[in-house]
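Dear colleague,

My notes on what was found in it follow directly after.

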Amino acid sequence: MEFLDEVSREASPQRKMGRGKIEIKRIENTTNRQVTFCKRRNGLLKKAYELSVLCDAEIALIVFSSRGRLYEYANQSVKATIERYKKASSDSSGTSSVAEINAQYYQQESAKLRNEIRKIQESNKALHRHMMGEGLSSMSGRDLKNLEGKLEKAISRIRAKKNEMLFAEIEFMQKKEIDLHNNNQYLRARIAENERAQQQSMSLIPGSSAEYEFVPPQAFDSRSFFQVNALQPNSQYSRQDPTPLQLV
């Protein structure tokens, strides 16, 4: 009875807390909603445990948070309790099967999702038209100011990304230029080394022109030759005629 009384108090539109009454409705503040969810989830799990122990009842509790996180409790097994529930539901007369209930639920959820997708698509189309400068007559001054701010932020991000890409490309080209310069210097050194090696190999070949040295022409020096006057007979000796030959 105490548990039912507490459940009825939880389901009532208004209930008394420590300092006053609160209305049972969705909590708009995200932090407060998360704190309330944690507290009430722990209380619900505790109550389920107490009910299973006190009354020897088979309980399976499944809770999904707003973020999709699963919380469960079962005194035996969640799957076994669900199978027992399905069997009991199928055996009961005048009630729809679990499959039909699930099908209806999924149909409703799919319809909601389709509506949300359609609204998002329409909103995106309208925003695209507004960004292209179309359909601005239906917008208020405040909406136009917000659109202008969004466009300025988008343009600044685009320019920043473009400058970043340009700087990266310039840095890459500078590194490439340095690499090409280094490769050019290396190739020049290799070419000079090969030329020196060829000259050394030619100097070692016998009969090659490199074996003879070129002697430059020297200037004329009269001291290196005899004078013509020295070969003439001396004038102090009398010149004698040669004796004529006679034939016998």
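Helix H2 covers residues 30–55, and its 26 residues should span 38 Å at 1.5 Å a residue; the end C-alpha atoms lie 37 Å apart, which agrees. The expected span is 1.5 Å times one less than the number of residues. Helices (H or I, at least four residues) and strands (E, at least two) are DSSP runs numbered from the N terminus.

This is a predicted model, in which local features need pLDDT of at least 70, side-chain atom pairs count only at pLDDT 80 or more, and totals for chains, interfaces and linings use all residues. Residues are numbered from 1 along each chain as its sequence is written, and side-chain values use heavy atoms, with hydrogens and water left out.

At the start of H2, a side-chain oxygen of Asn-29 comes to within 3.0 Å of the backbone nitrogen of Thr-31. Just after the helix, Asp-56 adopts a positive phi of about 55°.

Three residues of H2 are buried, namely Arg-41, Ala-48 and Ser-52; buried means under 20% relative accessible area, exposed over 50% and partly exposed in between, with a 1.4 Å probe and protein chains only. The buried residues of H2 pack against E3 and E4. Although buried, Arg-41 has no salt bridge, and Glu-72, the nearest side chain of opposite charge, is 13 Å away. A salt bridge requires a side-chain nitrogen of Lys or Arg within 4 Å of a carboxyl oxygen of Asp or Glu.

**The nonpolar core**

The largest nonpolar core has six residues: Ala-48, Ile-59, Leu-61, Val-63, Tyr-71 and Tyr-73. Strands E3 (60–64) and E4 (70–74) each supply at least two residues of this core. Such a core is a set of buried Ala, Val, Leu, Ile, Met, Phe, Trp, Tyr and Cys residues joined through side-chain atoms within 4.5 Å.

Leaving out residues up to four places away in sequence, Ile-59 touches Ala-48, Leu-51, Ser-52, Tyr-73, Ala-74, Asn-75 and Thr-81; contact means heavy atoms within 4.5 Å. In the loop between E3 and E4 lies Ser-65, which counts as buried because its relative accessibility is 15%. Beyond its neighbours within four places, Ser-65 is in contact with Phe-37 and Tyr-71.

**The chain as a whole**

The protein chain has five helices and four strands, in the order α-β-β-α-β-β-α-α-α along the sequence. Of its 248 residues, 7% count as buried. Among contacts with a separation of 6 or more, 16% are between residues 24 or more positions apart.

Yours sincerely

Notes
Polar contact = N/O pair within 3.5 Å; in protein donor to acceptor, adjacent residues only side chain to side chain. Lys, Arg positive; Asp, Glu negative; His and termini not counted.
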